Amino acid sequence: MTCLGMDIGGTGIQLGIVDGEGQILSLVSIPTASDSETLIGSIIKAARPLIDIHHPRAVGIGSAGRIDCANGTVLRAGNLPFKNEPLCRKLSDALGLPAVIDNDANCALIAEAKAGACADHLDALMVTIGTGIGGAILISGQIYRAHNFRAGEVGHFIYDRSGKPCPCGLHGCFEQYASATALIEAATAAADEHPDSLLSASRPLNGKTIFKAAADGCPVANEVLDRYAATLADGLNSLVKIFMPTCIVLGGGIANAGDALLSRLTPHLLPEAVIRTSALGGNAGVIGAAFLAMDSLSR
Ligand SMILES: [Zn+2]
């Protein structure tokens, strides 16, 4: 049995035919359009040939933004042109298949918990480190969404109440100190202070160039990363205390550093913290959305 999984993000959309083991049989990427009618039209156009060839049983949609999973609606999404968009019904009608929807972070955790870094773990968290910090919560094998589908914002507990303002309206949220954005800001400040360093010569600074400078022996880059890892570990330890998961999966661009990140985190972590980097990477959204669709068929 296969399902069609979709991962709709601000910079691109992936559609994939996925089997029960989480293997992607066919994958298509299309750009994200700036108005919702064009965007939905381009998804339908890309999906039809996949459906004709593979005959999936259902469609699973993972989308950025706030999702009403019960009504199949994207309420709003910062980087997407959706507002109260009944995406599930529109795609289901156009493609002639049942469709379900969830947010992209929940889909990524569903995929990692079935076929990825935390396979077979029933209590797990996803922490996605990018521009901000997003996440998802799995409790007793079920995604915890809360009454309004807004649970899982693991980047927005307050780390420093007199700290930086956060777009969410609070001050000093954890993501202001542990996101990729925060790492790049800290590295830029250190590079400005040490203009002769390898870190400074590695501009433009991003997760990849910062970790590369550290691996090449730059003491400034190493210090920046050690401080960053200690901060990230603070937050992960707090999440361990609150949820006591058997595994936390790190996703997003920073997680691509793999062992170079994990080895820096480990000295700061509680003994009961099990932290892994994403096994499915950029494909987790498509795979998780397809698993969501398979689950809906068996209910
Ligand atoms: Zn916040």
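Modeller: Ala-64, Gly-65, Asp-104, Thr-128 and Gly-134 lie nearest the centre of the largest pocket, out of 47 residues that line it. The model is predicted, so local features need pLDDT of at least 70 and side-chain atom pairs pLDDT 80 or more, while totals for chains, interfaces and linings use all residues. Residues are numbered from 1 along each chain as its sequence is written, and side-chain values use heavy atoms, without hydrogens or water.

A pocket here is an open set of points on a 1 Å grid over the protein atoms alone, where a 1.4 Å probe fits and protein lies on both sides within 12 Å along at least five of seven lines; lining residues have an atom within 4 Å of a point. The largest pocket holds about 1900 Å³ of space, a volume filled by probe spheres set on the points.

Five elements each supply at least two lining residues: strand S5 (66-68), helix H3 (104-115), strand S9 (124-129), strand S10 (133-139) and helix H10 (284-298). Helices (H or I, at least four residues) and strands (E, at least two) are DSSP runs. H3 gives the largest share, with 4 residues.

What is the lining made of? By class, 14 of its residues are nonpolar, 26 polar and 7 charged. In this scheme Asp, Glu, Lys and Arg are charged; Ala, Val, Leu, Ile, Met, Phe, Trp, Tyr, Cys and Pro are nonpolar; the others, Gly among them, are polar.

Domain 1 (2-109 + 283-298) and domain 2 (121-278) each give at least three residues to the largest pocket. The domain bounds come from an automatic or database assignment.

S8 provides the largest share, 4 residues. The classes here are 12 nonpolar, 6 polar and 6 charged residues. Both domain 1 and domain 2 give residues to this second lining, so the second largest pocket lies between them.

A few backbone details complete the tour. Phe-149 is found in the loop between S11 and H4. Its phi is near 65°, a positive value in a residue other than glycine. Phe-149 is 79 residues from Ala-70 in sequence, yet their C-alpha atoms are 9.0 Å apart in space.

His-55 also has a positive phi, about 50°, although it is not a glycine. His-55 sits in the loop between helix H1 (36-54) and strand S4 (59-63).

Pro-204 belongs to the loop between helix H6 (198-201) and helix H7 (207-215).
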